[in-house]
Amino acid sequence: MVREIVNIQVGQAGNQVGEAFWRMLLAEHGLNLEGGYEGNDPQQLERLNVYFTEVDQTSSSLKYVPRSVQVDLEPAVCNRIRSGELGRLFRPDTFINGNSGAGNNWAKGYYTEGAELMDGILDVIRRQSEACEAIQGFQITHSLGGGTGSGLGTLLLSKVREEFPDRMLATFSVLPSPKVSETVVEPYNAMLSAHQLVDNSDMSICLDNEALYDINTRTLKHKNPEFENLNRIIAQVMCGVSTSLRFPGQLNGDLRKLGMNLVPFPRLHFLMPSYAPFFDPKAVTFQGGTTAELTQALFDRKNLLVACDPRFGRYLTAGTIFRGKISSREAETAVSQIQTKNSNMFVDWIPDNVSVALCSVPPVGQQKSATCLANSTAIQELFKRTHAQFAMMFKRGAFLHWYTGEGMDEMEFTEAESNTQDLIAEYQQYQEATGEEEAYDYEDEEAAASEVLSQ
């Protein structure tokens with residue numbers, strides 16, 4: 001039985017990343033830009049229904065339509081997709097857009113402009129999910145720096161969580177970059193969104209433009225990378241995460257299994273994605289690509305899609321997904337070697353904390369590839385950075401009138417700040433925790449309990 005996923009893309013960043021993702025899915029499943037099948041491998045069709053709905057046309061051929069909802073508060077981005085190459089792929093009624101835009105204001109996306117569109121969006125999501133046999137969950141692509149992706153994206157998250165409490169909710173969230181800022185009020189928008197993500201999502205896969213720029217310039221040797229190049233990298237990770245659902249493999253790992261293995265505590269569900277191999281197209285012929293090299297690259301900072309350094313934290317858990325002709329023995333040996341060599345980087349109180357999934361179908365144009373989602377305490381670096389920028393502006397009350405003018409209370413900012421500080425403290429607590437301390441406490445308790453019983 002196929003377990004379907006509904007894709008929701010919100011805001012300009014969400015829709016552009018989503019477009020790159022659908023292009024890659026079409027290529028992997030042998031579909032043309034209008035959803036007609038042109039491939040020659042039966043495996044491509046076997047579980048196509050994870051992301052696509054099959055539509056019988058009057059002519060003999062079948063058409064596969066993405067199970068997706070495209071949302072934005074201004075018409076430009078949706079119109080561009082409609083009039084572009086993928087315009088005939090999506091169902092026309094799955095495009096929902098406002099006219100006024102959110103103007104980089106979280107409050108507009110969450111309270112005023114976004115709330116007006118909410119009923120229409122939920123109707124489309126209901127229609128898409130009711131047509132599924134066994135819906136596995138939802139994936140939302142959005143950015144946290146703007147107004148629509150952050151405000152409307154997190155409002156949508158909470159509404160979907162209310163309506164489908166038992167389904168998985170994964171988000172692909174583009175966070176503000178450390179040096180490059182797209183908008184001045186990014187820290188406010190990101191902080192208010194993180195506050196919602198902590199409570200409402202099951203897995204938040206964090207991405208940021210700066211890390212993607214680095215991969216493009218240093219490794220892929222693009223001198224002036226465009227958003228299209230960055231989005232292609234994100235799409236590779238998104239396809240890697242859902243591989244086990246879409247293709248048969250020796251060791252399957254779906255959204256729920258990933259969540260189960262990667263999230264040891266409900267609030268600590270912010271994951272760092274990495275992908276391998278990345279290489280200069282001119283140097284393809286010199287790439288080895290053994291399983292050990294792939295695994296080594298996954299845990300290398302240069303291959304991370306988010307700007308933080310795993311050496312400053314410890315891995316709570318990690319999930320690796322290998323694609324191509326790789327034996328399970330090879331993959332598991334490579335992963336255990338990484339853990340043995342860098343044992344101080346993994347917490348000692350979760351044994352065997354790196355899971356492995358294998359899929360025999362490689363990505364288009366490659367022999368092998370690997371994706372990793374890591375739950376590391378180093379991710380607190382992102383929240384600390386955003387919090388520092390937020391605190392500087394909030395102390396002076398800069399730009400607050402734009403938010404309070406939309407009906408927000410200053411208390412919400414304070415709540416979001418304290419929630420993020422709690423999250424940072426939790427990450428720090430588990431980074432410093434060791435297995436021995438806990439065992440020692442447990443023995444003390446046992447001794448005390450036996451004393452009480454003997455009296």
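User: What makes helix α6 count as largely enclosed by the rest of the structure?

Analyst: In this predicted model, where local features need pLDDT of at least 70, side-chain atom pairs count only at pLDDT 80 or more and totals for chains, interfaces and linings use all residues, 13 of the 16 residues of α6 are buried, so the helix is largely enclosed. Residues are numbered from 1 along each chain as its sequence is written, and side-chain values use heavy atoms, with hydrogens and water left out. Buried means under 20% relative accessible area, exposed over 50%, and partly exposed in between (1.4 Å probe, protein chains only).

User: Why is Asn104 called partly exposed?

Analyst: Its relative accessibility is 33%, so Asn104 falls in the partly exposed class. Asn104 sits in the loop between β5 and α4 (106–110), and has a positive phi of about 55 degrees although it is not a glycine.

User: What makes β5 and β11 the edges of their sheet?

Analyst: The open sheet has ten strands in the order β5-β4-β1-β6-β7-β8-β9-β12-β10-β11, with mixed pairing, where two strands pair if DSSP finds at least two bridges between them. β5 (95–97) and β11 (354–359) each have a single partner strand, so one side of each is left without a neighbour in the sheet. Neighbouring strands are turned by 20 degrees against each other on average, direction ignored, with axes fitted to C-alpha atoms (for helices over the stretch in contact) and angles running from 0 to 180 degrees between N-to-C directions.

User: How do you know that β7 and β8 are paired, and which helix packs on them?

Analyst: Strands β7 (residues 168–175) and β8 (residues 203–208) share six bridges in the parallel sense, including the one between Thr171 and Ser204. Helix α8 (residues 209–219) touches both strands, its direction making about 55 degrees with that of β8; contact means heavy atoms within 4.5 Å.

Key:
Helix = DSSP H or I, 4+ residues; strand = E, 2+ residues; numbered from the N terminus.
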